[in-house]
Amino acid sequence: MVQRNTWQRERVREALAGAGGFVSAQSLHATLRDENTGIGLATVYRALAGLAAQGDADSLQSPEGENLFRACETRGHHHHLICRSCGVAVEIEADAVEEWAQRTAAQHGFSQAEHVVDIFGVCADCALARARERGDD
């Protein structure tokens, strides 16, 4: 399905690019609401789904089950390392994962295998901030 390029969709795209990491549709909607754009939550969801379908946004599910989005930096299949605290994401190479996924699928008689691998942790900046809060300097 091709989506029209409306001003609302462009504003969602701009807000997503300015978010600096993975964000929920609700969080992005709150930002747009605070800017008095008049863009509704359903419009934000539709725009994000369209951007993800076209490869202009990455989409993943958080460990809590929430769908998160960010402006896509790389086209095509890739993986992420994501901070659970601040949401910063790093795109990572995972050749060993690619080989393992294809080999495992083939061993079980599967073809055209696809997979999603996202690694969640705490980035160095957030770990340092937590250590400082505890007084672990």
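This is a predicted model: local features need pLDDT of at least 70, side-chain atom pairs count only at pLDDT 80 or more; totals for chains, interfaces and linings use all residues.
Ground rules. Residues are numbered from 1 along each chain as its sequence is written, and side-chain values use heavy atoms, with hydrogens and water left out. Local features need pLDDT of at least 70, side-chain atom pairs count only at pLDDT 80 or more, and totals for chains, interfaces and linings use all residues.

The sheet, then. It is open, with 3 strands in the order β1-β3-β2 and antiparallel pairing. Strands are DSSP runs of E, at least two residues, and helices are runs of H or I, at least four, numbered from the N terminus. Two strands pair if DSSP finds at least two bridges between them. The edge strands are β1 (23-24) and β2 (57-61). 2 bridges join β1 to β3, residues 67-71. Ser 24 has Leu 68 as its bridge partner in β3.

Now the site. UniProt, in an unreviewed entry, lists His 77, Glu 98 and His 115 under "binding site". Such annotations may be inferred rather than shown by experiment; positions follow the numbering used here, and feature names are shortened. These residues spread over 39 residues of sequence, yet they cluster in space, with a largest C-alpha distance of 10.0 Å.

Where is Glu 98? In helix α4, residues 95-107. Leaving aside neighbours within four places in sequence, Glu 98 contacts His 77, His 79 and His 115. Contact means heavy atoms within 4.5 Å.

Last, His 115. It is in the loop between α4 and β6 (118-121). Leaving aside neighbours within four places in sequence, its contacts include Val 97 and Ala 101.
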